[in-house]
Amino acid sequence: QSETSDKSSAESDSETEEEQVSVYHKLLATLKTSPESESEEEEDESESEEAGESETEMDSEGSQETGEADGGEEDKNDVPDQEEATDAAEQMLGQEQADGADTPCDPSHGVIEEFTDVKHESEFSLETNFMEEESGDCNADKRESNSSPAFSEDPFKQHMDKELEEKEVEKMSTLPKTSSQSKWPRLGQLTFSSTLEKHKTLKADKEVDVKQLYLHKPLESTWPKVNKQFLSSVNKPSDPFFTPLQRELFCVMNTYRDLFYPERNALTNGEEIRHAYCLHALNHILKANAQVLSNNAKRRDQKPGTDNDDYRDQGLTRPKVLMIVPFRECALRIVHIFISLLEVNDKRKIDVSNKKRFKGEFGSDPEEKPPNLKRPEDYEAVFAGNIDDHFRIGVAILQKSMRLYAPFYSSDIIIASPLGMRTIIGAEGEKKRDFDFLSSIEILIIDQADIYLMQNWEHVLHLMKHINLLPLDSHGVDFSRVRMLNLNNWSKYYRQTLLFSALQDPQINFVFNKHCFNYTGQVAVRNVPLSGSISHVVVQLPHVFRRLDAENVTSVIDTRFQFFIDKVLPEYRDAIMSHTLIYVPSYFDYVRLRNYFKKEDLNFTHICEYTKKAGVCRARRFFLKGEKQFLLFTERFHFYKRYTIKGIRNLIFYELPTYAHFYSEICNMMKATGNGVDATWTCTVLYSKYDAQKLAAVVGIDRTAQMLQSKKNVHLFVTGEN
């Protein structure tokens with residue numbers, strides 16, 4: 001894995017940190033390294049569990065190291081000179097750009113000319129092809145257009161053919177959204193919101209009539225076979241198509257509303273969700289392309305000289321679906337699902353261009369990963385396969401053929417990581433940058449959004465600012481075929497956004513609330529956790545939740561820091577409070593604390609996502625033996641490594657974890673201390689009223705309500721059973 005993303009924080013607290021740090025992180029976001037592939041070696045037998053550790057989990061290590069000295073000694077060159085960093089960042093990012101937008105990187109060779117399939121251009125051109133009569137799709141399209149020219153029951157046609165009025169667009173850009181609540185059997189509590197007149201309340205379908213879904217051929221026949229693996233014997237025979245979760249998700253997707261589902265779990269429902277949105281995306285592409293090919297035939301057959309405005313059936317650029325996923329393995333699985341959905345049977349295989357190359361660049365070698373690693377199941381599920389996070393690939397689909405590595409302007413679907421998008425979109429002032437291909441995206445799918453919080457959330461925000469803008473160039477489009485909604489620059493009001501995450505987070509909520517403008521409205525799943533992850537703590541431990549009061553959300557960062565150094569840290573300075581681990585979710589907070597600890601000459605060591613292997617080993621050893629009193633420990637390091645830190649007797653959560661289950665994981669590391677339960681063990685958690693979502697995920701909704709009302713510190717004693 002040679003490409004890297006910045007694992008630095010994109011939290012809102014970045015404004016309050018030193019400017020040098022943010023400039024440094026801009027630099028980190030653009031660096032490319034070749035992480036060490038050799039095995040992780042531990043320095044003593046007591047930590048032999050880590051032997052054989054592969055360095056592929058966290059590709060930001062290696063030469064991207066920030067200058068952390070071994071064992072947490074004084075750092076050198078940790079924050080480079082500001083001007084130097086800015087120049088280097090621009091230079092490196094410029095090197096990563098490749099001409100055009102069709103530039104998936106080869107993971108094994110740094111920055112090189114990226115491969116694009118130019119051989120099959122005419123074969124996959126929408127402009128020069130016609131609907132094949134034998135497929136029956138042409139006749140179906142004619143039947144539908146003849147039977148009801150003014151109105152169609154097909155959700156695709158309903159959504160794309162609706163003509164918004166100026167006053168409706170003005171309403172959406174100025175008026176607040178109105179919302180209503182509904183409870184569905186499987187999804188739970190839903191919030192429907194819209195700016196335009198209230199739509200009829202959407203109800204969950206208990207049973208699905210496949211004809212009402214308006215699936216395009218061949219999906220009606222292929223979907224049940226492809227989805228069979230998720231259907232258990234408990235499913236009713238009357239619904240051989242969807243699991244209960246898929247049925248309700250697809251019910252929302254098929255209405256073209258925006259959807260936010262924050263309960264995606266890589267272990268349990270991740271793959272069935274992936275299959276559901278792949279079905280929806282492919283259904284959309286097949287219908288859109290069939291419409292264009294059918295109209296091509298009509299135009300070919302019409303008399304010369306006749307001017308007809310009825311064939312407006314496309315956007316300003318061809319890409320219609322953008323799928324954002326974190327790793328190459330995810331892109332591999334999506335393409336495999338597409339191929340399965342397009343192959344009616346073993347005799348009718350579809351022609352896939354560049355399939356061998358794709359498997360080579362997006363597949364993984366099963367022998368690469370040592371078999372003796374002990375990691376949680378959720379970790380294994382998230383980091384399965386090829387976990388390179390710098391890629392982008394165009395996919396074109398035409399009737400019975402699929403073209404991988406299609407140039408972006410000849411693609412129907414683009415599958416990319418946030419970093420892959422960031423390096424092609426570029427930044428203002430750069431010569432080589434391109435985002436015109438995002439102008440007519442009709443479906444945006446952002447899967448596993450929580451992982452981007454661990455990579456670089458700024459890349460997601462950067463993408464959202466550049467999607468559905470008017471293109472700077474015409475790119476050879478036939479304006480007589482472009483829909484009026486695109487010419488009016490209203491495509492963002494027609495774009496459907498599907499957002500899947502493992503958790504609720506203010507930054508993810510912000511994207512859904514502020515960057516989604518769909519005229520049909522939004523649907524968000526808003527279930528509250530009844531019991532928190534604290535119930536999974538198995539060691540007997542007193543948990544002290546200390547509330548800090550901040551005037552507003554922007555002042556929380558400074559208030560927390562001041563509260564920590566004035567109220568919390570003095571209690572732990574005594575040598576008796578040795579073996580204290582301080583868990584810090586934000587990298588910016590980590591840098592701030594590390595600098596303060598150095599200034600105060602405290603006896604501490606530190607581990608972050610950029611620390612070299614040798615530094616990690618020494619820091620762990622120093623902490624275990626008590627040679628260092630404090631260990632500063634970043635959340636991203638835990639996310640990418642999941643090491644067991646031995647020797648913890650006192651825990652401080654500087655902020656509540658992003659992932660609720662990390663709370664119980666870190667607490668349960670105390671088991672590894674080896675002395676059994678110790679009455680002097682402590683756990684202190686800092687929180688404010690702005691941490692309500694994270695707090696509820698840790699202690700449950702009932703306790704959260706009490707804790708936010710109370711001004712006092714809250715003491716909880718967990719026995720491992722409550």
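Predicted model: local features only at pLDDT ≥ 70, side-chain atom pairs only at ≥ 80, totals over all residues.

Mentor: Residues are numbered from 1 along each chain as its sequence is written, and side-chain values use heavy atoms, with hydrogens and water left out.

Trainee: Which side chain of opposite charge is nearest to Arg495?

Mentor: Arg495 is buried (under 20% relative accessible area, with a 1.4 Å probe and protein chains only). Lys and Arg count as positive, Asp and Glu as negative, while His and the chain ends are not counted. Arg495 has no salt bridge, a term that requires a side-chain nitrogen of Lys or Arg within 4 Å of a carboxyl oxygen of Asp or Glu. At 6.1 Å, the nearest side chain of opposite charge is that of Asp258.

Trainee: Which backbone oxygen does the side chain of Arg495 reach?

Mentor: Arg495 lies in the loop between helix 16 (491–494) and strand 10 (496–500); helices (H or I, at least four residues) and strands (E, at least two) are DSSP runs, numbered from the N terminus. At 2.7 Å, its side chain reaches the backbone oxygen of His515.

Trainee: Is His579 buried or exposed?

Mentor: His579 occupies the loop between helix 18 (556–572) and strand 13 (580–584). Its phi is positive, near 55 degrees, although the residue is not glycine. With a relative accessible area of 6%, His579 is buried.

Key
Buried < 20%, exposed > 50% of the residue type's maximum accessible area, 1.4 Å probe, protein only. Polar contact = N/O pair within 3.5 Å; in protein donor to acceptor, adjacent residues only side chain to side chain.
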